[in-house]
Amino acid sequence: MRLETLIMASVLLLGAAHPGEAEDRACAPRAQVVTRLAQQFGETRQSIGLGANNAVVEVFASPESGTWTITVTLANGTTCLVASGQAYETLAEALPPGGKDT
């Protein structure tokens, strides 16, 4: 599964979630989550976007180890882990000519 597809699926799932559901996921204050990702996995923020309900979606990754984590920070400042995995790669793919899939 491509990373972009995974991010879009996460954002769509988040759109169905209510802020009160944060207790059901692995959540903590953002500073604590970012520190843990950096210290335990060597991950730094690689990309950021705005999701449903003003939630901030971020991808953290370690180019050295290949680990990655997708987080969502809710408007109340709580950050939740959405997905994580291995084999992270940075891509900069060009659109097909004429904007059509090939």
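From the N terminus on, the elements of the protein chain follow the order α-β-α-β-β-β-β, giving two helices and five strands; here helices (H or I, at least four residues) and strands (E, at least two) are DSSP runs, numbered from the N terminus. The model is a predicted one, in which local features need pLDDT of at least 70 and side-chain atom pairs count only at pLDDT 80 or more, while totals for chains, interfaces and linings use all residues. Residues are numbered from 1 along each chain as its sequence is written, and side-chain values use heavy atoms, with hydrogens and water left out.

Of the 102 residues, 30% count as buried (under 20% relative accessible area, 1.4 Å probe, protein chains only). The accessible surface (Shrake-Rupley method, 1.4 Å probe) comes to about 6,700 Å², and 57% of this belongs to carbon and sulfur atoms. Among contacts (heavy atoms within 4.5 Å) between residues at least 6 apart in sequence, 41% join residues at least 24 apart.

We can now turn to a pocket. On a 1 Å grid over the protein atoms alone, a pocket is an open set of points where a 1.4 Å probe fits, with protein on both sides within 12 Å along at least five of seven lines; lining residues have an atom within 4 Å of a point. The second largest pocket has a volume of about 270 Å³, taken as the space filled by probe spheres set on the points, which are joined across faces, edges and corners. Its lining holds 16 residues, with Val33, Arg36, Leu37, Phe41 and Leu81 nearest the centre. Two or more lining residues come from each of β1 (27–29), α2 (30–41), β4 (68–73) and β5 (78–85), and α2 gives the largest share, five residues. By type, the lining of this second largest pocket divides into eight nonpolar, six polar and two charged residues (Ala, Val, Leu, Ile, Met, Phe, Trp, Tyr, Cys and Pro count as nonpolar, Asp, Glu, Lys and Arg as charged, and the others, Gly among them, as polar).

Conventions
Buried < 20%, exposed > 50% of the residue type's maximum accessible area, 1.4 Å probe, protein only.
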